[in-house]
Amino acid sequence: MSATASLIKKYNVPGPRYTSYPTAVQFDLLEPVSLGSYLQARNSSPRDISLYLHLPFCASLCWYCGCTTVITKKKSAADDYLDYLEKEMKYYAALLHPEHVVKQVHYGGGTPTFLTPEQLSRLGEMLHTYFNIAADAEFGVELDPRTFTREHLTAMMAYGMNRASIGFQDVNEEVQEAIHRIQPMEMVQKCMDILREAGISSINLDVIYGLPMQNRKRFARTLEAIKSLDPDRVAMYSYAHVPWIKPAQKLLEDKQLPDADLKLQLLLDGIAFMEQSGFEHIGMDHFAKPNDELSVALRDRSLQRNFQGYSTMNGLDLYALGMSSISSVGDFYFQNEKELDDWKAAIDSRGNAWVKGLRLTNEDRLRRSVIMQLMCSRSMTFSELQKTWQIDAKVHFRNEIRRLRPLEEDGIVSITEEGIQVHAKGRFFVRNIAMVFDAYMAQHKEKPVFSKTI
Ligand code: SF4
């Protein structure tokens, strides 16, 4: 076994992906009055913000799915959903400073392209009615090649959409049948061609390893398919088998799920392929071409993590609309009602649908800053921490530094008098490094909460 393979095996423990810190499992019931007054005070002056819209509908369930979805074939369900999104937008439009500027928009799901082009136009119109969307805003949409058409793209680009992320997963028919998601290569290629012809310059492909029926030969076909599709970014996710959260995943258990050794081998094949194909390893499972914005942000240290993974915009308040979505504004995380009917009922009764969340303590904010620096900039200096947080960082984090020593021995980090540096080979282990600084980790030792790294 290669040195990289043994390290990946060694550090393959359950842990969060740190799209937030503290993570969503720490969220508790919220006191909406104090959150409301906090948001009002925060919006007493203009701010640049980011918007996330959760569009939960899918025509059928992919059996590996870990998202919050509503499975239906009825397009009219989206009309009703848009009525409620509009009410939610009105609520936020009244809350935000009139001169706020939206610098980033993301449609996630579910399947945003479940909506018809007409419904997407209505959504774009609503966005521009209630918010000040910057002309150069980053506007990304998750696309499903099975429902995407040129008309969908035209309807979204008319309102500023300029980035795309395609759910690709695996090119093999046997795997697609096993996961209940049939999308021939020609369909994905057509989706790619439409996007490129329209001038969409930042295109991501989501790929998953560890799916049923995958083996090295079949995964090699998927990797070759990535090469011919020629995306700007690739997110190569490990299939997260969490049937205690997503019971439908039990359907995959009798369909030849790769064992741990095969899964590791698929990952190693994937990493080798990405390196040989000229992609930069951004961190964890994200890769990007050297001229892509993510690679540029990595180099100029403006990279950050949010609920969509790695992102280029630093420090924007994120307002998330739609069922189950999570906002991150200043010291607060807050999540909307998770079920469709509860979300609608909440919007009807009070305009917002906040139900759970938390207010970060000073210690949470300090640890969030350390975790984000290590995951995004791959370094932190003790003197900077001292200056910003008025702490003696080496004393404050003495236990964490002690727990990092084994990672230092494995060549993942260096700990010097000045600070902590993540090495090139540590890019895959950033969540293990982050776990060392997570004050809540000890609470999760007894029960399965998180999936493993691979
Ligand atoms: S299309 Fe995406 S969100 Fe919908 S079921 Fe499949 S994986 Fe889940």
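Two strands count as paired if DSSP finds at least two bridges between them. Strands here are DSSP runs of E, at least two residues, and helices are runs of H or I, at least four, both numbered from the N terminus. By that rule, strand 19 and strand 20 (residues 419-422) are joined by 3 bridges and run antiparallel.

Before I go on: this is a predicted model, where local features need pLDDT of at least 70 and side-chain atom pairs count only at pLDDT 80 or more, while totals for chains, interfaces and linings use all residues. Residue numbers start from 1 along each chain as its sequence is written.

Across the strand pair, Ile415 stands opposite Ile420 in strand 20.

Next, the core. A nonpolar core is a set of buried Ala, Val, Leu, Ile, Met, Phe, Trp, Tyr and Cys residues joined through C-beta atoms within 7 Å. Buried means 20 or more other C-beta atoms within 10 Å of the residue's own, C-beta atoms being placed from the backbone; exposed means 12 or fewer, and partly exposed is in between. The largest core has 123 residues, and Val234, Ile371, Leu374, Ile433 and Ala434 touch the most other members. Helix 12 (residues 362-377) gives the most to it, 7 residues.

Take Ile433. Which residues is Ile433 in contact with, leaving aside neighbours within four places in sequence? They are Leu374, Leu407, Val413, Val422 and Gly426. Contact means C-beta atoms, placed from the backbone, within 7 Å.

Now Gln119, in helix 4 (residues 117-130). Is Gln119 buried or exposed? Gln119 is buried, because 20 other C-beta atoms lie within 10 Å. Not counting residues up to four places away in sequence, Gln119 touches Ala78, Asp79 and Leu82.

Last, a hairpin: strand 15 and strand 16 have 2 residues between them, and Gly330 in the turn has a positive phi of about 55°. These strands run antiparallel, joined by 4 bridges, and Ser328 stands opposite Tyr333 in strand 16.

Terms used: Contact = placed C-beta atoms within 7 Å.
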